[in-house]
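I am opening a notebook on a structure that is new to me, and I want to write down what I look up, one topic at a time.

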Amino acid sequence: MSPVEVGSLAIVALVVLIYLGMPIGISMLGVSFIGVAMIRNDVVATRMIGAVANDSIREDLFAVVPLFVLMGLLITISGVGKDTFDVFERLLKRVTAGLGIATVFANAVFASITGISIASATVFSRVAVPEMTRHGYTKKFATGVVAGSSVLGMLIPPSLLMIVYAVLAEQSVGRMFLAGIGPGLLLSLIFCATILVLARTRRSFVFERSEDTEAYADIGKGAMVRKAIPILALMLLVLGGLYGGFFNPTEAGAAGAFGALVIALLRKSLNGSTFWNLLVETGQITVSVLFLIMAATFFSRMLALSGVPRQLAEVLLSGPVGSYGFLIIYLVLILILGCLIDSISIMLILLPIALPVAEAAGFDLIWFGVLTVVAVETGLLTPPFGLSVYTIKSAMMDPELGVGEIFRGAFPFVLAMLLSLAIIVAFPPIATWFARL
């Protein structure tokens, strides 16, 4: 077989193995090793897998992964998410569907100091949903808002998916973080507009009863300031240090993790056993991410050796499909895969194939990365996989709340994400303006 045929067969074999249930990383390593062995020989394949293991994870940049993960976990257990929601609830309680909008804004702020969507879904399913249902919102809408706005965790910087994309695309992590600001704000505003439209046109979807007779917690200005200080201090430390040029991404992660640790200790929400469990969980997440990155790097090198990406670029870009036709196919493929597998796995499978084509098409890889993250995060809300939906279901522990009900509540926010995706495609500066400053 020719190298192109070997590469094409390797892609098909990878899809089949994943469909059969083999772990993504092991599937990639196995397929890549056999592919290189068929194109060259066993010796080259063995040497290449060793070189990949050395080259792909030896960079200092990878220290940012455990640091941001640890910061997110510390913030989750320290109660900062509840304080964030309390502040926005107090500010927006008189607005139509104000608690829904408060959840979106609280998620956006929480996202700016965690970077993990699942953490947002876990925290706000326990904080926002009970409060919303107490004030007469339907469970379907309340859980849908939490599921929808949780995706901001991977878009508004810092973001674990942005880090993974930056590594695979060989782009600056700092620029990727900056590129997420505009789309993150856009998506937040579209979510708020979606809530207002639903509240005016589909009241039965949003409200269980016509009037809210429940009292709101009386939070004074002093209490609001005390609740807001930890959030603002951590945002200033991480984002201010990063964008002000005082920290590189790794140093910002270290400063953020230390700041989150101080907050958790001051709030007495951390003891020895809890801290040890957080460290173990951080290690598990980090190892799994780095292993997947190593496997994806090997897969990418095997494909480059086969010539499949080059051949694919020639076929797509010189034919009737064209560059934007390729982009539409790519985004639709992400949306389909989002119904089946998790976000990082989608990126690791598709990017080694798509990045060379995107580069040949002349696309800005920062903009392409933002589109990738938005499309991938849509998969958190779509059945049957819908990781955010299942996270909310498990966190709520409500036997009367069905998974289908949460999916129905999240559907308007899927449409909102598709709208935001179309806007970013039509107006690239939304993603690139901050990154080019």
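**Val80.** I began with Val80, in a model that is predicted, and found this residue in helix α5. Is Val80 buried or exposed? I noted a relative accessibility of 1%, so Val80 counts as buried, the cut-off for that word being under 20%. I then looked up what Val80 is in contact with once its neighbours within four places in sequence are left aside, and wrote down Ile75, Ile113, Ile231, Ile263 and Arg267. I also checked Val80 against Val123, which is 43 residues away along the chain, and the C-alpha atoms of the two are separated by 9.4 Å.

**Asp83.** I stayed in helix α5, which covers residues 80–92, and moved to Asp83. This residue, too, is buried, and I recorded a relative accessible area of 8% for Asp83. Not counting residues up to four places away in sequence, Asp83 touches Lys227, Ile231 and Arg267. Comparing my entries, I saw Ile231 and Arg267 listed for Asp83 and also listed for Val80.

**Glu131.** I next turned to Glu131, which I placed in helix α7, residues 117–134. With a relative accessible area of 15%, Glu131 is under the 20% cut-off and is therefore buried. Which residues does Glu131 touch, not counting those up to four places away in sequence? I found Phe85, Glu89 and Leu99. I also looked up Glu131 together with Ala169, 38 residues apart along the chain, and their C-alpha atoms are separated by 42 Å.

**Helix α9.** Why can I call α9 largely enclosed by the rest of the structure? The reason I wrote down is that 10 of the 10 residues of α9 are buried.

**Two loop residues.** I then looked at Glu170, which sits in the loop between α9 (160–169) and α10 (173–179). Its phi is near 55 degrees, a positive value in a residue other than glycine, and Glu170 is exposed, with a relative accessible area of 73%. I put Lys268 beside it in my notes, with a phi that is also near 55 degrees and again positive in a residue other than glycine. Lys268 lies in the loop between α14 (249–266) and α15 (272–306), and with a relative accessible area of 76% Lys268 is exposed.

**Aromatic rings.** How many aromatic pairs does the structure hold? I noted 15. I looked up Tyr330 and Phe368, a stacked pair with 4.7 Å from centre to centre and 20 degrees between the planes. Tyr330 is in helix α17 (residues 322–338) and Phe368 in helix α19 (residues 365–378), so the pair ties together parts that are 38 residues apart in sequence. Both Tyr330 and Phe368 are buried. For Phe363 and Phe368 I recorded ring centres 6.4 Å apart and planes at 15 degrees, so this pair is stacked as well, and Phe363 is buried too. Ring pairs link Tyr324, Phe326, Tyr330, Phe363, Trp367 and Phe368 into a cluster.

**The whole chain.** Along its principal axes the C-alpha trace spans about 75 × 50 × 45 Å. Buried residues make up 55% of the 437 residues, and the chain exposes about 18,200 Å², of which carbon and sulfur atoms supply 67%. Among contacts between residues at least 6 apart in sequence, 78% join residues at least 24 apart. Last, I looked up the 26 positive and 25 negative charges, and their mean positions are 7 Å apart.

Technical notes:
Residues numbered from 1 in each chain as written. Predicted model: local features only at pLDDT ≥ 70, side-chain atom pairs only at ≥ 80, totals over all residues. Heavy atoms only, no water. Buried < 20%, exposed > 50% of the residue type's maximum accessible area, 1.4 Å probe, protein only. Contact = heavy atoms within 4.5 Å. Areas by Shrake-Rupley, 256 points an atom, 1.4 Å probe, with all protein chains shown as cover. Lys, Arg positive; Asp, Glu negative; His and termini not counted. Charge placed at Lys NZ, Arg CZ, Asp CG, Glu CD. Helix = DSSP H or I, 4+ residues; strand = E, 2+ residues; numbered from the N terminus. Phe/Tyr/Trp six-rings, centres within 6.5 Å; stacked < 30°, edge-to-face > 60°.
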